[in-house]
Amino acid sequence: MFETIKNCFKVKEIRKKIFITLLLLLIFRLGCYIPVPGIDVDKFSEMINSGNYSFLEILTDITGGSLANATLFALGISPYINASIIIQLLTVGIPALERMSKQGEEGRKKIAQITRYVTIALAIAQAIGIVINFGLQSDAIKLSIFGHYANGSGISELGAKWIAGIFLTVVYTAGAMLVMWIGERITEYGISNGISLIIFIGIISTAGLTIVEKFKLVFTGSPEVLWELLGFAILTVLEFVAIVAVDLSERRIPVQYAKQVKGRKMYGGQSSVIPIRIAGSGVMPLIFAFAIISFPQMIISLFWPNSSANQGVTEWFSANGEWYGQLIYMITLCLLIFAFAFFYQSMQFNPEDVSKTIQQNGGFIQGIRPGRPTADYLKKISNRITLFGAIYLSLVAFIPSLISIIALSLLNVKDTALLSVFSTTGILIVVSVALELDKQLGSQLMMKNYKGFLK
């Protein structure tokens, strides 16, 4: 990987793309520190970190602490991610969107535009929910800077609240759209997928800030924290090794192509493989499952935080509820991961299309007849591999909870922030994005070498 990066900096075009990517990511991180006027950051951060809003804590980790600090990019990239998930699901169910997705580049542009409109709607909804619950109800919004309410010159307290709420909704929605724009520009002019890199940077930043805080405790008279850092480092290395091993694992199905005589030349007679990865869908089933399972809790806790429905959801269907609520939550999450793993695999790998392509090119799988038997064989193999991939993703989702329980109950660790902030899911995202970035750099370097060879 380091050799690939060194070689990329030797090529002017790739070096330019790397610098554009770094510049845009720097702009994103600067936006995560730009304060929004009118917010009491201490009260805002205290409510988010209270432990009653697990999905907002996850959102804070993804945004690099921007949400807890109530900055310009508080919503981060989450509205765009949710919009993309909704559009992908609707593409399967709505024939018009399905036809649009098969129209090539023009169809993809139309779907991208629809996704942007849905992103705006979701950003407005999230901003309104956050402002109502964390701003107006907890007095985290400083009403004195809106209008002349503090001086008693004509604007009532209710009017000042409305002005404050509208202002913050517009600012946070604009920040979310700007993050989406940065991600799309990275994809277009930079290296790899911009949205993935923004999530990657957010997770790395949150983990880095937490580690720095722990080191401050070590140097200010808490040497026992050093053992926590050491355990975290060992656990992280083990998780990296396990995730990389599974992420690079694949089943290779050998395909033999028959010899064909065309004119005076002979074609074919070669052998190839069809690679099917265990983690072919990556982290998408996890993101889909977490988004779906947290949606009811998000809506209820944002708009009706003090209702009995919110208390019931927290008790019976939450990772922070009672033991029976945690059990129901984990089983439901596991079922969603399995469902989305098979759903996403069906979108990526179509056995019928692969079988037709093999047959049209004069190929066959040894011991399997071409046509329908080949499609059934490929479907059987794909379903079996997807099953193991879904089990792997389920373990990834549950390991952080098990580690936290062990740390709190058996090891008497009082603070599990270091374990939770860089969870297995976060590490899976980091590893997947890093491997994809390495592949993108390698492919662009290879394309440049081919161009030089052709010249």
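**Pockets, strands and helix contacts**

Trainee: How much space lies in the second largest pocket?

Mentor: First, a caveat: this is a predicted model, with local features needing pLDDT of at least 70 and side-chain atom pairs counting only at pLDDT 80 or more, while totals for chains, interfaces and linings use all residues. Residues are numbered from 1 along each chain as its sequence is written, and side-chain values use heavy atoms, with hydrogens and water left out. A pocket here is an open set of points on a 1 Å grid over the protein atoms alone, with protein on both sides within 12 Å along at least five of seven lines. Join the grid points across faces, edges and corners, take the space filled by probe spheres set on them as the volume, and the second largest pocket comes to about 2,000 Å³.

Trainee: Which of its lining residues are the closest to the centre of the second largest pocket?

Mentor: A lining residue has an atom within 4 Å of a point. For the second largest pocket there are 48 of them, and the closest to the centre are Ser84, Gln88, Asn193, Met284 and Tyr344.

Trainee: And which element gives the largest share of that pocket's lining?

Mentor: Helices are DSSP runs of H or I with at least four residues, strands are runs of E with at least two, and both are numbered from the N terminus. Elements giving two or more residues to this lining include α6 (95–101), α8 (157–189), α11 (284–303) and α17 (424–454). The largest share is eight residues, and it comes from α5.

Trainee: How many residues of that lining are charged?

Mentor: The sorting counts Ala, Val, Leu, Ile, Met, Phe, Trp, Tyr, Cys and Pro as nonpolar, Asp, Glu, Lys and Arg as charged, and the others, Gly among them, as polar. On that basis the lining of the second largest pocket has 19 nonpolar residues, 17 polar ones, and a charged group of twelve.

Trainee: Which element supplies the largest share of the lining of the second largest cavity?

Mentor: The cavity has 14 lining residues, with Ile278, Ala279, Gly280, Ser281 and Gly389 the closest to its centre. They divide into seven nonpolar, six polar and one charged. Both α13 and α15 (372–409) supply at least two residues, but the largest share, six residues, comes from α15.

Trainee: Over to the strands: in what order do they stand in the open sheet of three strands?

Mentor: Two strands pair if DSSP finds at least two bridges between them. β1 (residues 250–257) and β4 (residues 271–277) pair in the antiparallel sense over seven bridges, with Glu250 opposite Arg277. β1 also pairs with β5 (residues 363–364), antiparallel again, over two bridges. Follow those pairings and the order is β4-β1-β5.

Trainee: Which strands of that sheet stand at the edges?

Mentor: Look for a strand with a single partner, so that one side is left without a neighbour in the sheet.

Trainee: In helix α2, is Thr21 buried or exposed?

Mentor: Thr21 sits in α2 (residues 12–31), and a polar atom of its side chain lies 2.9 Å from the backbone oxygen of Lys17. Contact means heavy atoms within 4.5 Å; leaving aside neighbours within four places in sequence, Thr21 is in contact with Ile186, Gly190, Ile191 and Leu197. Buried means under 20% relative accessible area, exposed over 50%, and partly exposed in between (1.4 Å probe, protein chains only). At 6%, Thr21 counts as buried.

Trainee: Which side chain does a polar contact of 3.4 Å join to that of Ser205?

Mentor: Ser205 is in helix α9 and is buried at 16% relative accessibility. Not counting residues up to four places away in sequence, Ser205 touches Arg29 and Gly64. A polar contact is a pair of N or O atoms within 3.5 Å; within protein, one must be able to donate a hydrogen and the other to accept it, and residues adjacent in sequence count only if both atoms are side-chain atoms. The partner at 3.4 Å is Arg29.

Conventions. 1 Å grid on protein atoms, 1.4 Å probe; cavity = no way out; pocket = protein on both sides within 12 Å on 5 of 7 lines; lining within 4 Å.
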